[in-house]
Each structure stands twice: as structure tokens, then as C-alpha cells.
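Here is a short report on a protein model. Look at the sequence and the structure first, then read on.

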Amino acid sequence: MARIKEVLERGFTDLYDAFADMDGDRDGRVSLHDFHQALQGIDGSEDITGDQIEAAFNKCKSDDNGLVVFKDFHAAFEGQARTAHDTGEIASSIVPRAFE
């Protein structure tokens, strides 16, 4: 996870931007394919294997629907959520409706 977080930080300004980039259809959910594509597109990710990407994706999932939502994505990379912003409970004026 640490290596993948490092790559995400290199490619995006923050986790919100990373998730937004992965969520191409803006439905508030990211598939393994989307997660993999986004990581592979970042300079410096060449040494990350498909198995590492899948393991990180699985740590982000909170259920068995095969998709990741921002709240779980953020918690997986930043640890235990501490504030409303950290839990994904951000005002709708700031976050696209699909991320709520």
C-alpha cells in the first residue's frame, strides 16, 4: 500500500483528485479495471505489479460488490477517518453528487 500511495501522491494533488480521475463515469465507484488503469498511467508506477494493485484495491473495498467508494479509498490510504471530510461526508456544494 505504501508504494501505491507514493505513486498516487506523485500523480495527483490529493486522494480526492486520484479517486475522481479513476471514476471516469462519475458514479462514485471505482472498479479494479479503473484503479489499475489509473495507476499504470502514472510515471514511476512501472515496478508495481498487477498483484500489488489488486491487493491494494481489495484493501479499499468494504463489501463484495467489486467496487470501491471514496470513503473506503480514503480510509485505506490515510488510516482511520477522523473528520467529516475524512469520512467522505463533504458538503454537496464541494463534492460531485456521485461522491456523496
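## Terms and model

A residue is buried under 20% relative accessible area, exposed over 50%, and partly exposed in between. At 22% relative accessibility, lysine 5 therefore counts as partly exposed. The model is predicted.

Helix α4 spans residues 50–60. Its buried residues are Ile53, Ala56, Phe57 and Cys60. Seen down the helix axis, these buried residues fall within an arc of 100°, so they line one face of α4. Asp51 and Lys59 are exposed on the other side.

What covers the buried face? The cover includes helices α1 (2–11), α3 (32–40) and α5 (70–78), along with strands β1 (29–31) and β2 (67–69).

## Cysteine 60 and phenylalanine 77

Cysteine 60 belongs to helix α4. Its relative accessibility is 1%, so cysteine 60 counts as buried. Beyond its neighbours within four places in sequence, cysteine 60 contacts Val68, Asp72, Phe73, Ala76 and Phe77. Alanine 75 is 15 residues away from cysteine 60 along the chain, yet their C-alpha atoms are separated by 7.6 Å.

Phenylalanine 77 has its own set of contacts. Leaving aside neighbours within four places in sequence, phenylalanine 77 touches Met1, Ile4, Lys5, Leu8, Leu15, Phe35 and Cys60.

## The nonpolar core

In soluble globular proteins, nonpolar side chains tend to be buried together. The largest nonpolar core here has 22 residues. Which of them touch the most other members? They are Ile4, Leu8, Met22, Phe35, Leu39, Phe73 and Phe77. The elements α1, α2 (15–22), α3, α4 and α5 each give two or more residues to this core.

## Salt bridges along α1

The count of salt bridges comes to six. Lysine 5 pairs with glutamate 9, the closest N and O atoms being 3.9 Å apart. These two residues are four residues apart in helix α1, so about one helical turn separates them.

Glutamate 6 has a salt bridge with arginine 3, at 3.0 Å between the closest N and O atoms. Both lie in helix α1, three residues apart. Glutamate 6 is partly exposed at 39% relative accessibility, and arginine 3 is partly exposed at 25%. An α-helix has 3.6 residues a turn, so residues three or four places apart point the same way. Glutamate 6 also meets arginine 10 in a salt bridge, at 3.2 Å from N to O. Arginine 10 is partly exposed, with a relative accessible area of 45%. Shared partners join Arg3, Glu6, Arg10 and Asp47 into one salt-bridge network.

Key: Residues are numbered from 1 along each chain as its sequence is written. This is a predicted model: local features need pLDDT of at least 70, side-chain atom pairs count only at pLDDT 80 or more; totals for chains, interfaces and linings use all residues. Side-chain values use heavy atoms; hydrogens and water are left out. Buried means under 20% relative accessible area, exposed over 50%, partly exposed in between (1.4 Å probe, protein chains only). The arc is that of the directions from the helix axis to the C-beta atoms. Contact means heavy atoms within 4.5 Å. A nonpolar core is a set of buried Ala, Val, Leu, Ile, Met, Phe, Trp, Tyr and Cys residues joined through side-chain atoms within 4.5 Å. A salt bridge is a side-chain nitrogen of Lys or Arg within 4 Å of a carboxyl oxygen of Asp or Glu.
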